[in-house]
Amino acid sequence: MFEFRFGVDDLAATWFACSPLQETVLSLRARRFTTYYPEQQPWIAGWQSRYETLDTALLGSLVTPNAFVPDFLTPRPTAPRPDFAAELAGMAAAPPEVVRADVLAAYRSDGSAPPPVLAGLLDDPARLVTRVAEALEAYWKRCLAPAWWPRARSVLEADIVYRGRMLSERGAEGLFADLDFRLSWRAGVLTLDDANPAVRALGTSVDLAGRGLVLMPTLFGRGAQTDITQLGPPLVSYPARGKATMAEGLGASGPAMAPDGPLAALIGVPRARLLALVETPASTTELAHRLGVTPGAVSRHLGALAAAGLLERNRHGRSVLYGRSALGDALVAGHPHLGGGG
């Protein structure tokens with residue numbers, strides 16, 4: 001067990017973030033641990049030919065056989081919606097001695113030796129971090145940024161909107177009780193039940209002491225985890241709600257993509273499809289990509305559905321996410337052939 005002790009101002013100083021660099025690094029887990037991330041496999045298959053042109057030996061070595069990653073690869077976000085290039089530049093500026101120590105620590109915790117591609121670079125950690133930054137940038141540009149990241153960002157931002165609503169409606173206890181099975185809240189103390197020896201080695205508790213807490217959803221976590229070793233407020237990452245929707249609409253048509261029946265006849269197939277898709281809130285751009293139409297076409301339908309009271313709009317940063325209202329949920333529930341997100 002690990003405890004975060006909140007002071008008077010700490011809950012007000014707690015904020016959410018999503019990190020494109022962390023998701024890029026952790027996405028490499030899905031290649032090795034395919035059964036844990038089934039929703040990612042259609043994406044991986046789709047970009048396999050592009051991935052094979054990259055520095056695959058180095059990229060593969062960034063995840064240990066037991067799924068650890070060196071800490072320098074996932075610097076803590078300094079803003080709620082950081083830019084990938086800025087995060088990558090920050091990672092590339094890590095001191096060489098920290099890079100070397102983090103690689104050795106990850107593999108030591110794993111109980112295995114660094115593979116040759118890493119072992120051969122450990123004596124020159126400055127060259128190692130430069131090569132890692134180049135490999136991650138190429139991976140991002142060729143595989144993730146064109147289509148995967150817009151979908152992933154939509155899922156992560158929808159999670160954050162949902163958590164904000166939970167906090168406003170049910171308070172801290174409701175927020176943390178719903179966040180992850182490893183987390184619980186009682187009398188100003190957040191408890192994390194994490195059996196990871198690295199977490200247990202940190203001690204049993206930490207006073208936030210006015211620093212607050214960063215909460216970060218991820219598509220690649222199997223339970224809440226913490227990091228209190230870097231500068232700044234402690235961080236807790238947790239599995240994003242709705243991560244299973246990453247695979248929706250890829251490859252095979254399903255009921256959510258081809259609704260029919262009375263509702264489609266009443267409001268039209270495009271709007272019925274949109275109602276099916278926004279069980280998990282999504283942006284106009286993401287919905288356009290999933291439906292294979294222009295953002296302008298989606299925007300018109302979203303506006304009509306919102307005007308009818310079937311959708312709600314929530315702003316997160318520069319994005320506006322659309323999700324079903326209670327009326328929209330009731331309408332879809334009355335037509336189960338539409339399917340849902342899940």
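Modeller: Start with the largest cavity: its lining has seven nonpolar residues, no polar ones and no charged ones. Keep in mind that this is a predicted model.

Biologist: Which residues line the largest cavity?

Modeller: L62, P70, F72, V103, L118, L128 and V132. Leu, Pro, Phe and Val count as nonpolar.

Biologist: How much space lies in the largest cavity, and what makes it a cavity?

Modeller: About 30 Å³. A 1.4 Å probe fits in a cavity but cannot get out, whereas a pocket is open. The search of the whole structure finds one cavity of 30 Å³ or more.

Biologist: What about the second largest pocket: how much space, and which residues lie nearest its centre?

Modeller: About 270 Å³ of space lies there. The lining has 16 residues, with R165, E279, P281, R324 and D329 nearest the centre. Two or more residues each come from α10 (148-179), β10 (311-316), β11 (319-324) and α16 (326-333). The largest share, five residues, is from α10.

Biologist: What is the make-up of that lining by class?

Modeller: The second largest pocket has six nonpolar, three polar and seven charged residues in its lining. Asp, Glu, Lys and Arg are the ones counted as charged.

Biologist: Now the rings. How many aromatic pairs does the structure hold?

Modeller: It holds 12 aromatic pairs.

Biologist: Why is the pair of F6 and W185 called edge-to-face?

Modeller: Two values decide it. The ring centres of F6 and W185 are 4.9 Å apart, and the planes stand at 75°. Centres within 6.5 Å make a pair, and planes over 60 degrees apart make it edge-to-face. So F6 and W185 are an edge-to-face pair.

Biologist: What does that pair tie together?

Modeller: Parts that are 179 residues apart in sequence, because F6 lies in the loop between β1 (2-5) and β2 (15-16), and W185 in strand β3 (residues 183-186). Both F6 and W185 are buried.

Biologist: Why is the pair of F176 and W185 called stacked?

Modeller: The planes of F176 and W185 are at 20°, and the ring centres are 5.3 Å apart. Stacked needs planes under 30 degrees apart, so this pair is stacked. F176 and W185 are both buried.

Biologist: Which residues do ring pairs link into a cluster?

Modeller: Y37, F84, W140, W148, W149 and F220.

Biologist: What makes you say that the charged end of R31 sits over the ring of Y51?

Modeller: The charged end of R31 is 3.7 Å from the centre of the Y51 ring. The distance limit is within 6 Å, and the charge must also lie within 35 degrees of the ring normal. R241 lies over the face of Y162, at 3.9 Å from the ring centre.

Biologist: Is A67 buried or exposed, and how do you know?

Modeller: The relative accessible area of A67 is 18%. Buried means under 20%, so A67 counts as buried. A67 is in the loop between α5 (56-61) and α6 (84-92). Its phi is near 80°, a positive value in a residue other than glycine.

Biologist: And A209, buried or exposed?

Modeller: Exposed: the relative accessible area of A209 is 64%, and the cut-off for exposed is over 50%. A209 is in the loop between β5 (205-207) and β6 (214-218). Phi of A209 is near 50°, again a positive value.

Biologist: Why is helix α1 (residues 20-27) called largely enclosed?

Modeller: Eight of the eight residues of α1 are buried, so the rest of the structure largely encloses the helix. Those buried residues pack against α2 (29-32), α6, α9 (125-144), α10 and β6.

Biologist: How do you know that V155 is buried?

Modeller: V155 has 3% relative accessibility, and the cut-off is under 20%. So V155 counts as buried. V155 is in helix α10. Leaving aside neighbours within four places in sequence, V155 is in contact with L219, R241, G242, K243, T245 and M246.

Note on methods:
Residues numbered from 1 in each chain as written. Predicted model: local features only at pLDDT ≥ 70, side-chain atom pairs only at ≥ 80, totals over all residues. Heavy atoms only, no water. 1 Å grid on protein atoms, 1.4 Å probe; cavity = no way out; pocket = protein on both sides within 12 Å on 5 of 7 lines; lining within 4 Å. Points joined across faces, edges and corners; volume = space filled by probe spheres on them. Helix = DSSP H or I, 4+ residues; strand = E, 2+ residues; numbered from the N terminus. Phe/Tyr/Trp six-rings, centres within 6.5 Å; stacked < 30°, edge-to-face > 60°. Buried < 20%, exposed > 50% of the residue type's maximum accessible area, 1.4 Å probe, protein only. Contact = heavy atoms within 4.5 Å.
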